[in-house]
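This report describes the architecture of one protein chain. It takes up strand pairing, domains, nonpolar cores and some backbone details in turn.

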Amino acid sequence: MNIIIRVAVCGAAGRMGREVVRAVAREDGLELVGAVDHHDLGTDAGVVAGIAPLGVVVSNDLKGTLVGTQPDVMVDFTSPAAVAENARTAIRAGVRPVIGTTGMDPKDLAELGRLSAETRVGVVVAPNFAVGAVLMMKFAEMAAKFFPAVEIIELHHDQKLDAPSGTALKTAEKISQTRGGDYRQDAVDAMTALEGVRGGSYNGGIRIHSVRLPGLVAHQEVIFGGLGQTLTLRHDSISRESFMPGVVLAVRRVIGLEEMVVGLENLIFE
Ligand code: NAP
């Protein structure tokens with residue numbers, strides 16, 4: 001007998017949320033049962049996502065939707081300001097959150113981890129659901145052992161609310177851990193004529209540069225420098241579909257979890 005996973009999408013009228021609604025609708029074994037957003041209230045979530053009606057209207061009442069429709073999983077692609085409260089609401093209703101929203105306060109993330117462990121309601125949090133981006137981070141971790149200097153350039157669409165991206169921060173964290181935090185920054189103290197022109201500095205070491213332009217989706221370069229050579233790793237999400245296999249995998253896997261897992265890599269490289 002095929003078990004159907006019941007899914008609610010929070011942020012269902014947003015760019016990522018609409019993509020998730022389409023993915024859930026076409027995926028065997030998943031069923032959309034709830035859709036929450038501030039926009040398109042009362043409209044069918046399928047129609048909002050540009051597909052056939054799914055019989056689920058968009059509501060702005062997350063708690064009511066979760067209690068009323070009893071989903072197994074809530075997928076959240078909302079905003080840094082809303083995500084932690086949404087996840088707490090889901091966990092308290094016994095619904096497993098799969099969180100793609102980036103920019104969550106680290107204290108909120110730690111608290112969610114504790115709440116998940118206490119309640120044994122599984123949680124997946126991933127700053128990047130694209131498998132290529134996860135591989136880029138893995139390769140960066142490998143390269144970090146061999147190169148004494150690195151800079152990260154992340155490029156995103158101009159509506160993105162947080163900077164740097166969650167992926168850039170995670171990449172810097174992994175590189176820094178591999179090096180034991182010894183990443184040296186600039187060889188010389190440059191006289192900069194423009195404030196911020198050298199980017200932000202992660203943990204006093206790795207430079208991160210955030211580019212925001214219309215036309216972009218989500219892209220990142222990790223450029224390593226060493227004696228007489230550079231190594232550039234680049235990943236491009238050229239459409240939001242790139243994130244959907246990762247989201248669907250997380251939805252299926254969170255059902256068997258009783259604690260919080262942070263990072264898609266912890267689900268795919270086991
Ligand atoms: P978006 O187009 O602005 O969509 C977010 C939607 O959520 C908006 O309609 C927003 O309404 C709504 N919303 C905000 N707070 C809410 C709440 N409390 N309850 C219900 N709905 C709420 O943003 P997006 O481009 O889809 O991105 C969403 C998030 O996903 C961002 O944090 C982005 O960085 C992240 N992201 C992650 C990945 C990944 O792989 N993990 C990939 C791409 C994007 P309002 O406009 O009224 O706020």
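## Strand pairing and domains

Strand E7 and strand E10 (residues 218-226) pair in the antiparallel sense over 8 bridges. The model is a predicted one. Of the 8 residues in E7 (residues 149-156), 6 are buried, so the strand is largely enclosed by the rest of the structure.

An open sheet of 7 strands shows parallel pairing in the order E3-E2-E1-E4-E5-E6-E12. Its edges are strand E3 (58-59) and strand E12 (260-262), each of which pairs on one side only. Helix H5 (residues 106-119) packs on this sheet and touches strand E5 (96-99), strand E6 (123-125) and E12; the directions of H5 and E12 make an angle of about 145 degrees. Strand E1 (residues 5-10) runs parallel to strand E2 (residues 30-36), with 6 bridges between them. In this pair isoleucine 5 is opposite leucine 30 of E2.

The bridge counts given above are collected here.

| Strand pair | Sense | Bridges |
|---|---|---|
| E7 and E10 | antiparallel | 8 bridges |
| E1 and E2 | parallel | 6 bridges |

The domain assignment divides the chain into domain 1 (5-125 + 241-268) and domain 2 (131-238). Their C-alpha centres are 29 Å apart. Contacts between the two involve 12 residues of domain 1 and 12 residues of domain 2. The size of an interface is often given as the accessible area lost when the parts come together. Between domain 1 and domain 2 the buried area is about 870 Å², with 61% of it from carbon and sulfur atoms. On the domain 1 side, Arg15, Thr102 and Glu265 supply 45% of the area buried against domain 2, more than any other three residues.

In soluble globular proteins, nonpolar side chains tend to be buried together. The largest nonpolar core has 58 residues, of which Val75, Val98, Phe129, Ile175, Val222, Phe224 and Val251 touch the most other members. Both domain 1 and domain 2 give residues to this core, so it lies between them. Apart from it there is another core of 12 residues, including Val83, Ala84, Ile99 and Leu115.

Beyond its neighbours within four places in sequence, valine 75 is in contact with Val7, Ala8, Val9, Cys10, Val20, Val98, Val247 and Val251.

## Backbone details in loops

Alanine 163 and proline 164 are joined by a cis peptide bond, with omega about -5 degrees. Proline 164 is in the loop between E7 and helix H7 (166-178).

Glutamine 70 has phi near 50 degrees, a positive value in a residue other than glycine. It lies in the loop between helix H3 (62-69) and strand E4 (73-76). With a relative accessible area of 53%, glutamine 70 is over the 50% cut-off and so counts as exposed.

Arginine 120 also has a positive phi, near 60 degrees, in a residue other than glycine. Its place is the loop between H5 and E6. The relative accessibility of arginine 120 is 54%, so this residue too is exposed.

Note on methods
Residues numbered from 1 in each chain as written. Predicted model: local features only at pLDDT ≥ 70, side-chain atom pairs only at ≥ 80, totals over all residues. Heavy atoms only, no water. Core = buried A, V, L, I, M, F, W, Y, C linked by side-chain atoms within 4.5 Å. Buried < 20%, exposed > 50% of the residue type's maximum accessible area, 1.4 Å probe, protein only. Domains from an automatic or database assignment. Contact = heavy atoms within 4.5 Å. Pairing = 2+ DSSP bridges. Helix = DSSP H or I, 4+ residues; strand = E, 2+ residues; numbered from the N terminus. Axes fitted to C-alpha atoms, helices over the stretch in contact; angles between N-to-C directions. Buried area = accessible area lost by both parts, 1.4 Å probe.
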